[in-house]
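I opened a notebook page for this chain. My entries below follow the order in which I looked things up.

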Amino acid sequence: MVEPPGDRILVTGALGQIGTELVSELRKKHGNDTVLATDIREPDNDRYFPEGPFCNLSVLDGEAMEKTVTDEGIGTVYHLAAILSATGEKNPELCHRVNVGGTVTVLETARDFGLKVFVPSSIAVFGPDSPRIAPQKATLNPTTTYGKTKVTGEVLGMNYFKQYGVDIRGLRYPGLISWKAPAGGGTTDYAVDIFHAAINDGHYNCFVSEDTRLPMMYIDDAIMATEMIMQADGSSLGTSRAGYNIRGCSFTAGELADRISLRIPEFTCDFNPDFRQKVADSWPNDVDDNPAKDDWGWEANFNLDRIVDEMLENLRKNQSS
Ligand SMILES: NC(=O)c1ccc[n+]([C@@H]2O[C@H](COP(=O)([O-])OP(=O)(O)OC[C@H]3O[C@@H](n4cnc5c(N)ncnc54)[C@H](O)[C@@H]3O)[C@@H](O)[C@H]2O)c1
């Protein structure tokens, strides 16, 4: 492998739900100037990163990616740019182009410049035929375009690791719950939107049924898992290094609404499933994350009650400031 052009960090899709938080955490740890935030969009006021550098970069532009990596002295890429499940079902061609094409751009650049890479996967790799508590090793038969692009991402990642020695690491994130940035067009967005609606309107019209149970995780746990797997000794990572299952908690949409009602008694919730119900039904209820625990010591901190408390407290603080 060649030596990377430097030791700075590049984050793609940095203005999204995860990037907004990951960039801040990485900057706290490595220094503001070390982390270059990039996205195809321009930052708006809410999601601007005034503390460090930002530049426009499409993950479909391989030449621009190579130039950025060399000019900016990059050694590590966190590749977060993607089209999520609900948006992807509406525009499968775009989803395939960005998710598979963008990952190829990043992996090719990583091979040519000796970069270390984080590429997130998702619980969407599982299909209706997987056990309801999805094991790490399962036949992956997703029915959504998004899920298929995530399986392809894992396969590509393992190929670049085996054939070219690219240091690839990945996690199958569950639905992520956070308060700083809006959810980005995924099927689990209801578990974020419900908090905003509860505080602002006292009512939420949920787009999946009350008994829909999916794996979920608070953003702090997701960021911690990301940092942990990137810092793990490479020799401890097994054949799942491109997509480890990680478990946060698992609850139904009805249970989430009930926990919010306990804290906001006037809150009401209707359940009117739309096209996203079919996507949710194709995913497992929960995941088994024992390989992540065994290989690099993964353990989540946030259960449902703690997530609800954190979300309500932070959203209220944010509104009053
Ligand atoms: N948020 C979740 O619940 C969740 C769950 C499982 C997996 N993931 C995965 O984590 C990663 C990040 O997800 P997120 O929730 O932050 O997504 P998001 O939709 O909030 O953000 C994605 C970002 O990518 C950018 N983008 C789109 N096309 C681009 C392109 N061609 N070039 C550069 N940037 C582009 C968008 O502008 C956006 O800011 C994705 O790979 C996603 O599949 C997320």
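I began with pairing: two strands pair if DSSP finds at least two bridges between them. Strands (E, at least two residues) and helices (H or I, at least four) are DSSP runs, numbered from the N terminus. The model is predicted, with local features needing pLDDT of at least 70 and side-chain atom pairs counting only at pLDDT 80 or more, while totals for chains, interfaces and linings use all residues. Residues are numbered from 1 along each chain as its sequence is written.

**Entry 1**

I looked up strand S1 (residues 8–12) and strand S4 (residues 74–79). They run parallel and are joined by five bridges. Arg8 stands opposite Ile74 in S4.

Which order do the strands of this open sheet take? I read S3-S2-S1-S4-S5-S8, six strands with parallel pairing. Strand S3 (54–56) and strand S8 (167–169) stand at the edges; each has a single partner strand, so one side of each is left without a neighbour in the sheet. From one strand to the next, the twist averages 20 degrees.

Next I checked the helices on this sheet. For packing I used contacts: two residues are in contact if their C-beta atoms, placed from the backbone, lie within 7 Å. For directions, axes are lines fitted to C-alpha atoms, for helices over the stretch in contact, and angles run from 0 to 180 degrees between N-to-C directions. H1 packs on the sheet and touches S1, strand S2 (35–39) and S4. The direction of H1 makes about 165 degrees with that of S2. H4 also packs on the sheet, touching S1, S4 and strand S5 (116–118). The direction of H4 makes about 160 degrees with that of S4.

**Entry 1: the three-stranded sheet**

I found an open sheet of three strands in the order S6-S9-S13, with parallel pairing. Strand S6 (121–122) and strand S13 (244–245) stand at its edges, each with a single partner strand, so one side of each has no neighbour in the sheet. Two bridges join strand S9 (residues 171–173) to S13. Arg172 has Asn245 in S13 as its bridge partner.

I sorted residues by burial. A residue is buried if 20 or more other C-beta atoms lie within 10 Å of its own, exposed if 12 or fewer, and partly exposed in between, with C-beta atoms placed from the backbone.

S12 is mostly covered, with five of its six residues buried. S12 pairs with S10 in the parallel sense over three bridges. Here Leu176 stands opposite Met217 in S12. S12 also pairs with strand S14 (residues 249–252), in the antiparallel sense over four bridges. Met216 stands opposite Cys249 in S14.

In a regular strand the side chains alternate between the two faces of the sheet. S11 pairs with strand S15 (residues 268–271) in the parallel sense over four bridges. Cys206 stands opposite Phe271 in S15.

**Entry 2: helix H6**

Which residues of helix H6 (residues 190–200) are buried? I listed Tyr190, Ala191, Val192, Ile194, Phe195 and Ala198. They pack against S10, strand S11 (203–206), strand S12 (213–218), helix H8 (253–263) and helix H11 (304–320). Just after H6, Gly202 takes a positive phi of about 70 degrees.

**Entry 3: two domains**

I noted domain 1 (8–174 + 218–245) and domain 2 (176–216 + 248–285 + 302–320). Such bounds come from an automatic or database domain assignment. The domain centres, taken over C-alpha atoms, are separated by 24 Å. In domain 1, 30 residues are in contact with 25 residues of domain 2.

**Entry 4: Lys137**

I found Lys137 in the loop between S7 and helix H5 (145–164). Is Lys137 buried or exposed? Lys137 counts as exposed because it has 11 C-beta neighbours inside 10 Å.
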